[in-house]
Amino acid sequence: MRELGLCLPNHLPQLKPTTIAEFARKAEALGFAALWTIDRVVYDNLEPLTTLAAAASVTSKVRLGTSVMLLPLRDPVMTAKIIASLDVLSGGRVTVGIGIGSRHDDFAATRVPFNERGARVVDAIELMKKLWGGKPVTHKGRFYQVENLAIGPATIQQPGPPIWMGGSNPKALERVGRLADGYIAGAVGSEGFKRNWGLVEDSAKRAGRDPSLIARAALVHTCVDLNKERAVQTTTAAITRYYGRMLFDVEKVLAVGPPEQCATRLREYYEAGADHVIVVPVTTDPGMLDLLAQKVMPALPG
């Protein structure tokens, strides 16, 4: 089944106190399959799990996910409890998207060694999965150890919320194939998505897993605007603000411009193998959701 998700604009500077609730209500009414949040520390974004809790309070059906949460920066016991609480409050709608992070300033701010982040993720995931059962847990990992610890609440989804993982380097993709329930690709273009998925697929097979059971998602910054030049400028400004520089050709990788052009770009990701595309808005104008629903979504594969 092909799905379209929406990243809530928790990373954009024009946020108002009502923006997240407005986007969440509207997205659910328009038929988006999931709401997602971006995570950073040294940046003026809203914290992702707090944002999803706000979205959960005004929705009832749409799934709620992080795309992606930087797990190495967080204590896994407290994070497991927060996620379990969100899963209970939302009626079991949480998907936990996890990344290892790539910005040194986030790690410096949280006093976490940058070079250990991949191993920390593996250890933290194992511990969180145990804790989500709600029963006493003993875990003796490399970084995290607990003895006969039960935190509660147990997640509604058992044995826990699905874990999707992001990444693009070979080590990260190998980890996805070995551990994750889903893969989230960043801004790599449809051909890059296809290439990365091939590495995930190979890793899953080596681990004795069925790759067809791993969800495939792509994160695509999107600006639907009848004025293509304005769409490119708006998107370029948003990407530069977030990353500090341009990392790719906006027009070749992202969905920008008139509705038909955006639909074409998003279709390319589905044709490359994605079954869930996450639209990342570059403005807080909720009118773009109407354009997506009226002009873009009908042109996408069902």
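Colleague: How do you know how the residues lining the second largest pocket divide into nonpolar, polar and charged?

Modeller: They divide into 6 nonpolar, 3 polar and 3 charged. This is a predicted model, and the classes go by residue type. The lining consists of Met 1, Glu 3, Ala 34, Trp 36, Arg 63, Leu 64, Gly 65, Thr 95, Trp 164, Ala 215, Asp 275 and His 276. Two or more residues of this lining come from each of β2 (34-37) and β3 (63-66). Glu, Arg and Asp count as charged, so Glu 3, Arg 63 and Asp 275 belong to that class. Gly counts as polar, so Gly 65 goes there.

Colleague: Which strand gives the largest share of that lining, and what is the volume of the pocket?

Modeller: Strand β3 does, with 3 residues. The volume is about 180 Å³.

Colleague: What makes another pocket the largest one?

Modeller: Its volume, about 900 Å³. Among the 36 residues lining this pocket, Val 68, Ser 102, Arg 103, Gly 167 and Tyr 243 are the closest to its centre. Helix α6 (170-179) provides the largest share of the lining, 3 residues. By class, the lining has 19 nonpolar, 10 polar and 7 charged residues.

Colleague: Why are Arg 111 and Asn 148 called exposed?

Modeller: Exposed means over 50% relative accessible area. Arg 111 reaches 71%, so Arg 111 counts as exposed. Asn 148 reaches 56%, so Asn 148 counts as exposed too.

Colleague: And what makes Cys 7 buried?

Modeller: Its relative accessible area is 0%. Buried means under 20%, so Cys 7 qualifies. Cys 262 also has 0%, and Cys 262 is buried as well.

Colleague: How do you know how many disulfides there are?

Modeller: The count is 0. A disulfide is a covalent bond between the sulfur atoms of two cysteines. The sulfurs must be within 2.5 Å. For Cys 7, the closest cysteine sulfur is in Cys 223, 15 Å away, so the distance is too far for a bond. For Cys 262, the closest cysteine sulfur is also in Cys 223, at 7.3 Å, and that is too far as well.

Colleague: What makes a space a cavity, and how many of 30 Å³ or more turn up in the whole structure?

Modeller: In a cavity, a 1.4 Å probe fits but cannot get out. The search finds 2 cavities of 30 Å³ or more. The largest has a volume of about 60 Å³, and its lining includes His 11, Tyr 43, Arg 241 and Val 282. Helix α8 (residues 228-243) gives 5 residues, the largest share of that lining. By class, the lining has 7 nonpolar, 2 polar and 1 charged residues. The second largest cavity has a volume of about 50 Å³. Strand β5 gives the largest share of its lining, 3 residues. That lining has 7 nonpolar, 2 polar and no charged residues.

Colleague: Which residues have the most contacts inside the largest nonpolar core?

Modeller: Leu 35, Ile 98 and Phe 193 do, in a core of 77 residues. Helix α5 (residues 117-131) gives the most to this core, 6 residues. Apart from this core lies another, of 14 residues, including Trp 36 and Val 68.

Colleague: What counts as being in contact with Leu 35?

Modeller: Contact means heavy atoms within 4.5 Å. Leaving aside neighbours within four places in sequence, the contacts of Leu 35 include Leu 6, Ala 24, Leu 52, Val 62 and Gly 65.

How values were computed. Residues are numbered from 1 along each chain as its sequence is written. This is a predicted model: local features need pLDDT of at least 70, side-chain atom pairs count only at pLDDT 80 or more; totals for chains, interfaces and linings use all residues. Side-chain values use heavy atoms; hydrogens and water are left out. Buried means under 20% relative accessible area, exposed over 50%, partly exposed in between (1.4 Å probe, protein chains only). On a 1 Å grid over the protein atoms alone, a cavity is a set of points where a 1.4 Å probe fits but cannot get out, and a pocket is an open set with protein on both sides within 12 Å along at least five of seven lines; lining residues have an atom within 4 Å of a point. Grid points are joined across faces, edges and corners, and a volume is the space filled by probe spheres set on the points. Helices (H or I, at least four residues) and strands (E, at least two) are DSSP runs, numbered from the N terminus. A nonpolar core is a set of buried Ala, Val, Leu, Ile, Met, Phe, Trp, Tyr and Cys residues joined through side-chain atoms within 4.5 Å.
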